[in-house]
Amino acid sequence: MASALEPATTSLPAAAAPAERAPGDDRLARILAPALIAVLVVAGWEAIVRLNEIPHYILPGPSLVARELVESWPILWPSLLITVKIAGLALLAAVVGGVGLALLCSISKWIELSLFPYAVVLQVTPVVSIAPLILIYVDEPLTAVVLCAWIVAFFPILSNTMLGLASADHNLRDLFELYGASRWQQLLLLRLPTALPYFLGGLRIAGGLALIGAVVAEYVAGTAGTGTGLAFRVLEAQYRLNIPRMFAGLLLLALTGVAIYLLFGALSHLLLHRWHESALRREP
Amino acid sequence: MSLAVAPRADTDQRGRAEPSGPLVRLEGVTKIFANGTVALAGLDLAIGRHEFVSLLGPSGCGKSTALRLIAGLARPTSGRIRGPEGAARGAAGFVFQEPTLMPWATVFDNVWLPLRLQGIGRRQAEGPVAEALAMVGLAEFARAYPRELSGGMKMRVSIARALVTRPSLLLMDEPFAALDEITRLKLNDELLALWRAQSWTVVFVTHSVYESVYLSTRIVVMAPRPGRVVADLPIEAPWPRDEAFRTSPAYNALCRRVSAELHRAMGS
């Protein structure tokens with residue numbers, strides 16, 4: 001019955017394995033504990049639906065959702081790719097924009113003083129309320145939706161990278177000064193490596209936010225948007241009272257979010273495991 | 001751990017003709033911090049070539065500030081400082097209280113840094129870096145990361161980094177204060193052996209009477225509020241200094257004398 005849900009439980013250990021954070025028993029627990037919860041929840045859900053004879057247009061059971069996921073896969077998969085593409089483009093733009101602006105801010109106090117407040121304004125204004133305006137002024141639907149997602153994903157990268165660039169060890173800064181390091185050398189050899197763990201932390205947050213931003217933008221855009229993203233499919237299913245497909249779409253979105261998180265976690269581990277405290281394996 | 005002390009052709013002849021006069025001279029140096037603290041008030045200090053000078057005093061006496069001024073890491077509020085020729089470009093090596101290593105870089109890359117900042121590439125740096133690491137007994141650890149090393153080994157890397165430019169002046173700011181007793185004594189001996197073989201000038205900031213007497217040819221006792229020199233004592237103990245010296249009556253007498261000066265400096 002939970003066959004279609006299995007990716008949810010097996011994808012966790014599969015991605016955690018290369019990270020190799022915990023050997024032996026701990027790794028087994030990392031797989032078993034969440035798997036057990038998944039089995040309990042799915043079984044309980046199915047039981048409640050069957051025992052109370054809840055109609056599928058109110059709450060479909062997991063087995064029905066799984067069947068729907070398989071049957072409407074030809075529709076959902078291309079839509080998922082579009083949503084992932086939107087989130088990916090937004091994240092790319094957020095990395096370029098966030099890191100770029102953080103570098104500018106670190107070079108000049110004046111740039112930081114004059115631009116940072118607007119970055120905050122951009123961050124605190126709910127994207128749901130900006131999205132309709134963007135959809136009016138930006139003709140190309142894909143660009144409009146990417147822009148919405150970018151607004152959400154951009155700030156964590158900016159603020160984390162700024163914090164990282166400003167966090168270089170004081171004695172190391174003295175050392176660089178002692179040997180007459182140029183600004184460029186300080187940036188390249190000291191500030192950027194110091195900022196890397198902070199940036200990666202921001203990237204992990206921004207990855208999930210980019211997906212959320214893409215979904216929100218698609219919802220707001222509705223038929224005015226690209227019209228084929230996964231969020232649009234969920235919306236469409238809602239109009240048609242196809243509740244199992246709504247669940248299937250949501251499940252796919254959730255799994256995509258988890259996959260993005262794990263991907264950046266693995267990237268982070270890859271880049272930091274030789275030296276950073278966060279990636280250190282501690283003896284029990 | 002053994003020390004490979006290879007005399008270096010360009011610096012080891014003690015009798016060699018050299019420019020006369022002190023290597024470092026501070027004249028009426030006053031340093032007042034932005035918050036109004038008078039860190040140093042009219043400091044006069046001349047440090048000759050090949051001296052091993054300890055700046056000894058309680059916290060707040062301006063000994064670290066004096067070291068930073070000599071290194072050019074801070075500017076005096078008034079007064080004049082003359083450092084070694086071409087300071088700031090590797091003429092002076094600086095060792096901080098913490099190892100201050102870049103955690104993302106290997107031991108090799110950390111020691112390479114001062115040369116790298118002067119535009120010397122990895123290939124060209126291999127010789128000097130290997131030599132500096134051999135001096136501190138870490139030749140086999142070039143590819144290790146700082147977190148894989150013990151506290152004492154990290155400090156050795158830090159010293160190797162200060163030595164890689166072949167400085168004439170070594171400035172050390174309580175370098176062994178954070179280490180355990182056994183490691184500290186060992187590093188003291190190694191530092192002395194290197195200093196005797198290489199004939200640098202060392203300015204060593206410490207708050208340990210015993211350490212300063214063991215290491216120095218001269219101890220400058222400083223007092224706080226405002227930071228100033230209260231005693232300037234030559235330590236004329238014989239060489240080599242080793243475990244026997246550390247337990248000798250002469251050493252004890254010197255320690256007592258320096259302690260007395262220190263107590264006088266603190267007004268007790």
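How many bridges join β1(B) to β2(B), and do these strands run parallel or antiparallel? There are 6 bridges between β1(B) and β2(B), and the two strands run antiparallel. Before I go on, please keep in mind that this is a predicted model.

Stay with that part of chain B. β1(B) and β2(B) belong to an open sheet of 3 strands, in the order β2-β1-β4 (chain B), and the pairing is antiparallel. At the edges are β2, residues 38–47, and β4, residues 78–82, of chain B, each of which pairs on one side only. On average, neighbouring strands in this sheet are turned by 15° against each other, with direction ignored.

Now one residue from this sheet, B:V24. B:V24 is found in strand β1 of chain B, which covers residues 24–32. Is B:V24 buried or exposed? B:V24 is buried, because 23 other C-beta atoms lie within 10 Å, and the cut-off for buried is 20 or more. Setting aside neighbours within four places in sequence, B:V24 is in contact with B:I47, B:I70, B:R82, B:G83, B:P84 and B:L169. For a distance, take B:V24 and B:T183: they are 159 residues apart along the chain, and their C-alpha atoms are separated by 30 Å.

Next, the other sheet in chain B. What is the order of its 6 strands? The order is β5-β6-β7-β3-β8-β9 (chain B), in an open sheet with mixed pairing. The edge strands here are β5 (92–95) and β9 (228–234) of chain B, and each pairs on one side only. Neighbouring strands of this sheet are turned by 15° against each other on average, direction ignored.

β5(B) pairs with strand β6 of chain B, residues 169–173, in the parallel sense over 4 bridges. Within this pair, B:V95 stands opposite B:M172 in β6(B). A helix packs on the sheet here: α4 of chain B, residues 151–163, touches β5 and β6 of chain B, and its direction makes about 165° with that of β5(B).

β6(B) pairs with β7(B) in the parallel sense, over 5 bridges. One bridge partner to note is B:V203 in β7(B), which goes with B:L171. On the other pairing, strand β3 of chain B, residues 52–56, is joined to β7(B) by 5 bridges, and these strands run parallel. There, the partner of B:L56 in β7(B) is B:T206.

Why is β7(B) said to be largely enclosed by the rest of the structure? Because 6 of the 6 residues of β7(B), residues 201–206, are buried. B:T201, B:V203 and B:V205 point one way from the strand, B:V202, B:F204 and B:T206 point the other way, and all are buried.

One more residue in chain B, this time in a helix. B:A66 lies in helix α1 of chain B, residues 63–71. B:A66 counts as buried because it has 29 C-beta neighbours inside 10 Å. Apart from neighbours within four places in sequence, B:A66 is in contact with B:L40, B:L43 and B:L55. B:A66 and B:V220 are 154 residues apart in sequence, and 12 Å apart in space, C-alpha to C-alpha.

Now across to chain A.

Chain A is divided into domain 1 (1–71 + 245–284) and domain 2 (75–239). Their contact takes 18 residues from domain 1 of chain A and 17 from domain 2 of chain A. On the domain 1 side, there are 10 nonpolar, 7 polar and 1 charged.

Last, a pair of helices in chain A. The axes of α4, residues 73–107, and α10, residues 230–239, of chain A come within 7 Å and cross at roughly 135°. That angle makes α4(A) oblique to α10(A). α4(A) contributes A:I75, A:L76, A:S79, A:L80 and A:T83, and α10(A) contributes A:L230, A:A231, A:F232 and A:R233. By type, the residues of this contact divide into 6 nonpolar, 2 polar and 1 charged.

That is where I stop. Thank you.

Technical notes. Residues numbered from 1 in each chain as written. Chains lettered and ligands numbered in written order. Predicted model: local features only at pLDDT ≥ 70, side-chain atom pairs only at ≥ 80, totals over all residues. Pairing = 2+ DSSP bridges. Axes fitted to C-alpha atoms, helices over the stretch in contact; angles between N-to-C directions. Contact = placed C-beta atoms within 7 Å. Parallel < 35°, antiparallel > 145°, perpendicular 65-115°, else oblique. Nonpolar A, V, L, I, M, F, W, Y, C, P; charged D, E, K, R; others polar. Domains from an automatic or database assignment. Buried ≥ 20, exposed ≤ 12 C-beta atoms within 10 Å, placed from the backbone.
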